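Take a look at the sequence and the model first, and then we can walk through a few places together.

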Amino acid sequence: MNRRQCVVGIAALSSSAVAGCFSRESGGAQQLNLTPTDDRDVEAVSSTTFDEDVTPICAEGESLTATVDGPNADAVVAHEFVRDPKSGRYGVRGRIEPGEWGNIPSIRAAFDDGSSESTRVYGLDADETSLFTITTADGAADEIGEYTLTVRDGETADIGRVSEQYATVDGDWGRIGTYDGSPVYGYSATVANDHSEAVELYPRLKAYLDETTVAYSGTATESAIDVAPGETRAVFFPYPRCDPGSIVTVEAWLDWPTMLYP
């Protein structure tokens, strides 16, 4: 299942309102800055309490000594280091330019203190610019002085998109809850299994700054869910940037293992 939802002001509309999604002004080239303009004026759409710190890091990016390698190294055209001394978290923001990059199973950031973290860009399309954010708290944020990005290549075997005749995902964009009293932003959704048997589903999301600029692509906090026939499950996609109010449309879909299901 695959659909776009307009985000008009502070709420997401149903898929019937997709026409005219991009008629409103979007950030354009200004939004391609890796450090986003602070725009957190969004409405609460759920009140989940998160056990892990998934709040955005809003600090300005820093230019550190860095290397980009791997089979798809040329895909990453810009990147910056970011740290939040208060929470102890740090990481890398980056940008992938449009191109025939194929599948990028992961982008791994390895830091000079020995810590590392990875992310994946889901639904990468050749005509889209994709921003990515890698965040970790495994090392000492104040001691990082260098990092390496490894951009992998490869195929994702036996995974495909679910037709909406079997399962659907729908939700809203905005403030989705809190972590330790601080707001968490992103997409709160409900997954419904309309299939005749229990299924394993992988919820995915892309959030757009304009028609061809993806600010975030990722999987839900529960990356794989088992859903019984007729059952619904709540899923959440925390947004790692400080501009949730700049998102103009989102695309949510479900993947599943095609070797097990039609």
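Is the disulfide of C58 and C242 left-handed or right-handed? The torsion about its S-S bond is about -90 degrees, so this disulfide is left-handed. Please keep in mind that the model is predicted.

**The disulfide**
- The structure holds one disulfide, and its partners are C58 and C242, with an S to S distance of 1.7 Å.
- This pair links distant parts of the chain, as the two cysteines are 184 residues apart.
- C58 sits in the loop between β3 (44-49) and β4 (65-69), while C242 sits in the loop between β17 and β18.
- C58 counts as partly exposed because its relative accessibility is 35%.
- C242, in contrast, has a relative accessible area of 2%, so it is buried.

- In soluble globular proteins, nonpolar side chains tend to be buried together.
- Here, the largest nonpolar core has 31 residues, and W173, Y187, L201, L205, I247 and V250 have the most contacts inside it.
- Two or more residues of this core come from each of β12 (167-179), β13 (182-193), β14 (199-210), β15 (213-219), β16 (225-227), β17 (232-238) and β18 (249-257).
- Strand β14 gives the most to this core, with five residues.
- If you leave aside neighbours within four places in sequence, L205 is in contact with W173, Y187, Y216, S217, G218, F237, V250, E251, A252 and W253.
- There is also a second, separate core, which has 19 residues, including V76, F81, I107 and A109.

**V199 in strand β14**
- V199 has its place in strand β14, and it is buried because its relative accessible area is 2%.
- Leaving out neighbours within four places in sequence, the contacts of V199 are N193, I225, D226, V227, W256 and Y261.
- One of these, Y261, is 62 residues away from V199 along the chain, yet the C-alpha atoms of the two are separated by 8.0 Å.

**D210 in strand β14**
- D210 also lies in strand β14, and its relative accessible area of 13% means that it is buried.
- Which side chain does the side chain of D210 meet in a polar contact? The partner is the side chain of T213, at 2.8 Å.

Conventions: Residues numbered from 1 in each chain as written. Predicted model: local features only at pLDDT ≥ 70, side-chain atom pairs only at ≥ 80, totals over all residues. Heavy atoms only, no water. Core = buried A, V, L, I, M, F, W, Y, C linked by side-chain atoms within 4.5 Å. Buried < 20%, exposed > 50% of the residue type's maximum accessible area, 1.4 Å probe, protein only. Helix = DSSP H or I, 4+ residues; strand = E, 2+ residues; numbered from the N terminus. Contact = heavy atoms within 4.5 Å. Disulfide = S-S within 2.5 Å. Polar contact = N/O pair within 3.5 Å; in protein donor to acceptor, adjacent residues only side chain to side chain.
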